Amino acid sequence: MAAEYPPFVLGRARFDQSTFYGRLRHFLDIIDPRTLFVTENHLKAAVQLLKDFKLGTIPSGVSNQQLWEAQKIKQAVLHPDTNEKILMPFRMSGYIPFGTPIVVGLLLPQQTLATTIFWQPTPVSKFALGYVGAVVSAVSIAVGLNIFIKKACRFNPATRFLIQRFVPFPAVAAANVSNVVLMRHNELEEGISVLDEDGNTIGSSRIAAQHALLETALTRIVLPVPILVLPPIIMSFLEKTRMLKAHPRLTLPLHGLVCLAAFGFALPIAISIFPQISEIETSKLEPEIKAATLRKSCFYNKGL
């Protein structure tokens with residue numbers, strides 16, 4: 001057990017972030033739904049333990065495991081900038097349990113125009129532009145594809161029904177990309193901070209911002225693939241089984257379990273594709289960045 005907990009470093013990840021497996025283990029830790037049930041006293045104790053560590057007044061007998069668990073709790077519950085508690089649905093650990101009902105709704109068979117619009121995800125944002133852009137793109141694509149499929153004469157009813165179950169994927173993928181671009185378009189104009197190996201800011205780079213937005217957009221496209229593609233395929237087979245034919249009421253709860261499993265599988269894999277802190281060659285950045293450092297590489301936070 002001790003080998004799983006390396007020496008604690010405040011603010012650093014417990015697992016190696018240079019490998020996909022290390023990033024996967026890190027994000028599996030981050031999305032742990034058990035952190036949704038952390039009590040106020042437990043949270044205060046975790047925050048105090050980290051303060052004591054920073055001040056060098058840590059009590060004797062405290063293990064690396066306790067320190068890593070304390071940091072996990074703080075990062076899961078508190079906003080990194082304001083140190084205020086994040087509402088449960090908006091925490092990384094709440095993404096799967098609170099998002100699964102929407103996924104189930106998106107993939108329900110026999111969608112009508114009203115239900116198609118109702119179940120489209122409406123990403124919460126402090127910027128109305130990102131919110132409206134994502135919703136409009138999702139609803140437009142979903143409604144447009146549904147209308148096209150219903151009017152397509154070359155599809156028989158069974159084929160039309162099967163194709164219709166995959167409509168949510170392009171709609172959600174488009175909404176995710178639109179939200180990223182509209183929410184972070186100012187980064188393309190102003191740039192994002194690039195750092196040296198020690199975390200010191202070198203300057204602001206628009207080229208790094210382009211890389212960050214591309215990586216984030218690709219992550220947002222990959223994320224819905226297992227969530228919105230696998231369940232329809234799996235359910236199309238399960239619905240033909242004797243059990244579901246004999247007990248059709250089990251279809252919805254089984255559908256929910258399949259979606260939950262797909263969601264839990266997809267989220268950590270998608271956000272682990274690229275490192276959170278990405279590396280870029282200094283030679284590829286702006287002249288002012290090159291002039292400000294002698295290092296061959298710089299680093300930037302790609303965002304989520």
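Contact is defined here as heavy atoms within 4.5 Å. The structure is a predicted model, in which local features need pLDDT of at least 70 and side-chain atom pairs count only at pLDDT 80 or more, while totals for chains, interfaces and linings use all residues. Residues are numbered from 1 along each chain as its sequence is written, and side-chain values use heavy atoms, with hydrogens and water left out.

Q276 is situated in the loop between α13 (251-271) and β3 (277-281), where helices (H or I, at least four residues) and strands (E, at least two) are DSSP runs numbered from the N terminus. Not counting residues up to four places away in sequence, Q276 touches F27, Y300, N301, K302, G303 and L304. The side chains of Q276 and N301 are joined by a polar contact of 2.7 Å (a pair of N or O atoms within 3.5 Å; within protein, one must be able to donate a hydrogen and the other to accept it, and residues adjacent in sequence count only if both atoms are side-chain atoms). Between Q276 and Y300, 24 residues apart along the chain, the C-alpha separation is 8.3 Å.

The axes of helix α10 (residues 206-222) and helix α11 (residues 224-238) come within 5 Å and cross at roughly 15°; axes are lines fitted to C-alpha atoms, for helices over the stretch in contact, and angles run from 0 to 180 degrees between N-to-C directions. Helix α10 is therefore roughly parallel to α11 (angles under 35 degrees count as roughly parallel, over 145 as roughly antiparallel, 65 to 115 as roughly perpendicular and the rest as oblique). R220, I221 and V222 of α10 make the contact with P224, V225 and P226 of α11. By class, this contact of α10 with α11 has 5 nonpolar, no polar and 1 charged residues (Ala, Val, Leu, Ile, Met, Phe, Trp, Tyr, Cys and Pro count as nonpolar, Asp, Glu, Lys and Arg as charged, and the others, Gly among them, as polar).
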